[in-house]
Amino acid sequence: MEKKELLYEGKAKKLYRCEDDDLLIAEFKDDLTAFNAEKKGTEEGKGALNCQISTNLFNLLEKHGIKTHLIKTLDKNHQLVKKVDIIPIEVVARNTATGSLTKRLGIKDGLVLPFTLVEFYYKNDDLNDPILTDDHCLLMGLVDDRSKLQILKDKALKINEILKDFFAQRDLNLIDFKVEFGIDKNGEILLSDEISPDSCRFWDKKTNEKLDKDRFRQNLGNVKVAYEEVLKRVLKENK
Ligand SMILES: Nc1ncnc2c1ncn2[C@@H]1O[C@H](COP(=O)(O)OP(=O)(O)O)[C@@H](O)[C@H]1O
Ligand SMILES: [Mg+2]
């Protein structure tokens, strides 16, 4: 598959048309942004690391019955994916409180939540990705009926169980993550976009060291080293 014209450039990926109109080529960029792109940076090789991490995690999820947009990896930083209409809701699942949850509600950073919290945020940079209630989602027409929201929640919880287990076996605590879903030409809801240290938080089980984009957000340094460590653990055979 050859890249044709650039359809869309986001903060972390470029999407290209290809010979097949139902498919797209996603290129993972080395750019890093945080706080709605107020903070910008670049780490050579980050795109390739995220592409490999995301490919492995999507393959794992497919094995567990989660349908995804991924067809295959083309090279180190390109994937061939099914073209979908992205549902403009960022679905966030949280196992441990940190980040905006602690700031907004005053919950103690690092508190292990009594159950997995699923939240919706409006995928809209102009509005700073505000949090959404179910009624907001319906009011705005982001989904056509309430049952779709339950499907998104259930999928996020299932993804969480699979990933939490997978990373626990690799001495990483899955603190939280964000996923996006899209609807393909058959009307099927597919896990889309990416799952990577840009969109997840991982804390090392033994040291509590952060191995994700918080290293960039909080100027902790060694961003690429951390992403390499996550890939290394993802590739580790099951104990
Ligand atoms: N399979 C897909 N089909 C269509 N759009 C997709 C697909 N997967 C991801 N996208 C969209 O591609 C865009 C580029 O990704 P990214 O650079 O991460 O964007 P953003 O700046 O919004 O985070 C995003 O709007 C994302 O939702
Ligand atoms: Mg993105």
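In this predicted model, 20 residues of domain 1 are in contact with 24 residues of domain 2, two residues being in contact if their C-beta atoms, placed from the backbone, lie within 7 Å. Domain 1 covers residues 6-82 and domain 2 covers residues 85-221; these bounds come from an automatic or database domain assignment. The centres of the two domains, taken over C-alpha atoms, are separated by 17 Å. On the side of domain 1 that touches domain 2, strand 4 (31-34) and helix 1 are the elements that give two or more residues. Helix 1 gives the most, with 7 residues. Helices (H or I, at least four residues) and strands (E, at least two) are DSSP runs, numbered from the N terminus. By class, this side of domain 1 has 10 nonpolar, 7 polar and 3 charged residues. Here Ala, Val, Leu, Ile, Met, Phe, Trp, Tyr, Cys and Pro count as nonpolar, Asp, Glu, Lys and Arg as charged, and the others, Gly among them, as polar.

Residues are numbered from 1 along each chain as its sequence is written, while chains are lettered from A and ligands numbered from 1 in the order in which they are written. As this is a predicted model, local features need pLDDT of at least 70 and side-chain atom pairs count only at pLDDT 80 or more, whereas totals for chains, interfaces and linings use all residues.

Helix 1 also packs against other helices. Helix 1 (residues 46-63) and helix 4 (residues 146-168) have axes 10 Å apart, at an angle of about 120°. Helix 1 is therefore oblique to helix 4. Leu-57, Leu-60 and Leu-61 of helix 1 meet Ile-159, Ile-162, Leu-163 and Phe-166 of helix 4. This contact has 7 nonpolar, no polar and no charged residues.

With helix 6 (residues 223-235), helix 1 makes an angle of about 25°, and the axes lie 10 Å apart. Axes are lines fitted to C-alpha atoms, for helices over the stretch in contact, and angles run from 0 to 180 degrees between N-to-C directions. Helix 1 and helix 6 are therefore roughly parallel; angles under 35 degrees count as roughly parallel, over 145 as roughly antiparallel, 65 to 115 as roughly perpendicular and the rest as oblique. The residues of this contact divide into 8 nonpolar, 2 polar and 3 charged.

The shell around ligand 1 draws at least three residues from each of domain 1 and domain 2. The residues of this shell divide into 7 nonpolar, 4 polar and 6 charged.
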